[in-house]
Amino acid sequence: MPTTDPIARVSVISTGSVVIRPEHVGPTRKNTYVWLFTSTRWTAPRPINVYVIEHRDGLVLFDTGQDRASVTDPRYFPGGLNGLIYSRLAKFEIGPTETLEAGLSGLGYRVDDVDKAVISHLHQDHIGGLPVLSGAEILISEQEWNSLDGPLPEARGLLTSHIDLPGLRWNRITPGPLADPELTPFTDGHDLFGDGSLVLLPTPGHTPGSLSLLVRRPATAPLLLVGDLTYDARLLAAGKLPGAGDKRQMRATVSRVNALRDTLPGLVVLAAHDPRAAGLLAETLAERAEHR
Ligand SMILES: [Zn+2]
């Protein structure tokens with residue numbers, strides 16, 4: 001861990017909004033397919049967050065949001081039974097000013113400035129920026145990438161035709177041993193710039209290859225960007241699981257993340273669709289300013 005901060009700025013933007021089923025947020029005892037096909041309710045609108053980190057060695061995105069084409073192109077989603085699954089799972093609203101390009105521009109960046117984009121997992125609301133990221137290195141876990149080859153990818157939320165685009169520079173990583181006692185109980189990870197400030201950690205459960213990004217800075221509480229491991233950081237802190245994903249893996253991962261608080265006190269968990277995430281980030285950054 002460097003004593004001078006290699007990170008200049010951490011921001012969050014949202015590519016539109018999404019409503020999902022309350023059972024999806026969880027906790028629920030119902031099987032995923034039971035609530036998926038019987039739920040009659042939707043949550044209030046939630047963000048589709050993209051985290052933007054300005055590191056001295058490059059501009060990093062954690063997730064890339066949902067493509068606006070998904071709400072303007074009737075052929076973006078599959079038809080038939082798979083199409084029905086997508087329409088039961090979530091409803092998106094993405095205005096012309098809510099694209100990844102527009103969000104980055106609002107922060108004073110161009111899409112060409114992005115050096116690395118980490119994809120927490122390959123569901124469509126996390127890969128939407130890929131068509132404009134041909135200049136960046138796209139990081140994904142090898143395990144998540146390999147899930148594209150499994151049976152019925154579309155039914156598992158993987159729209160291969162929107163993922164495996166020509167011209168993208170993929171870096172498929174396998175988390176390896178990290179000798180960093182602060183990361184206990186995590187033993188494996190991938191240090192993005194080799195200075196300990198940005199470390200990818202394997203957090204399986206929502207999907208088998210899901211990654212989270214730990215952000216450590218000298219004068220601010222550590223952040224853990226968790227993708228869809230939770231939809232509400234308070235539920236995660238209470239050990240409660242969402243309604244979709246591998247329950248056994250999620251339980252193990254959630255308890256590991258909560259155990260990480262022992263060595264990283266004040267750890268702030270920021271999820272992709274937690275309505276409180278942007279406020280939590282703002283509060284954390286404001287505390288940093290006070291300590292100056
Ligand atoms: Zn998601």
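Which residues is N82 in contact with, leaving aside its neighbours within four places in sequence? They are E154 and A155, where contact means heavy atoms within 4.5 Å. N82 and A155 are 73 residues apart in sequence, yet their C-alpha atoms lie 5.5 Å apart in space.

Before going further, a word on what you are looking at. This is a predicted model, in which local features need pLDDT of at least 70 and side-chain atom pairs count only at pLDDT 80 or more, while totals for chains, interfaces and linings use all residues. Residues are numbered from 1 along each chain as its sequence is written, and side-chain values use heavy atoms, with hydrogens and water left out.

Let us step back to the whole chain. It holds ten helices and 13 strands; these are DSSP runs numbered from the N terminus, with helices being H or I of at least four residues and strands being E of at least two. Along the principal axes, the C-alpha atoms fill a box of roughly 55 × 40 × 35 Å. The radius of gyration is 18 Å, which agrees with the value near 19 Å that a compact globule of 292 residues would have. That radius is taken over C-alpha atoms, and the globule rule is 2.2 Å times the number of residues to the power 0.38.

Of the 292 residues, 53% count as buried, meaning under 20% relative accessible area with a 1.4 Å probe and protein chains only; exposed is over 50%, and partly exposed lies in between. Among contacts between residues at least 6 apart in sequence, 69% join residues at least 24 apart.

Now back to N82, which lies in helix α4 (residues 80–89). The buried residues of α4 are G83, I85, Y86 and R88, and they pack against α2 (32–38) and β4 (90–93).

Next, find strand β5 (residues 114–118). Four of its five residues are buried, so β5 is largely enclosed by the rest of the structure. Strand β3 (residues 58–62) runs parallel to β5 and is joined to it by four bridges; two strands pair if DSSP finds at least two bridges between them. Here F62 stands opposite V118. β5 also pairs in the parallel sense with strand β6 (residues 137–141), over three bridges, and A117 has I138 of β6 as its bridge partner.

Strands of a sheet pair through backbone hydrogen bonds, either parallel or antiparallel.

You can walk across this sheet from β8. Strand β8 (residues 176–177) pairs with strand β9 (residues 188–191) in the antiparallel sense over two bridges, with G176 opposite G189. β9 in turn pairs with strand β10 (residues 198–202), again antiparallel and over two bridges, and D191 stands opposite V199. The hairpin of β9 and β10 has six residues between the strands, and G194 there takes a positive phi near 75°. One step on, β10 and strand β11 (residues 211–217) pair in the antiparallel sense over five bridges, where L201 faces S212 as its opposite residue.
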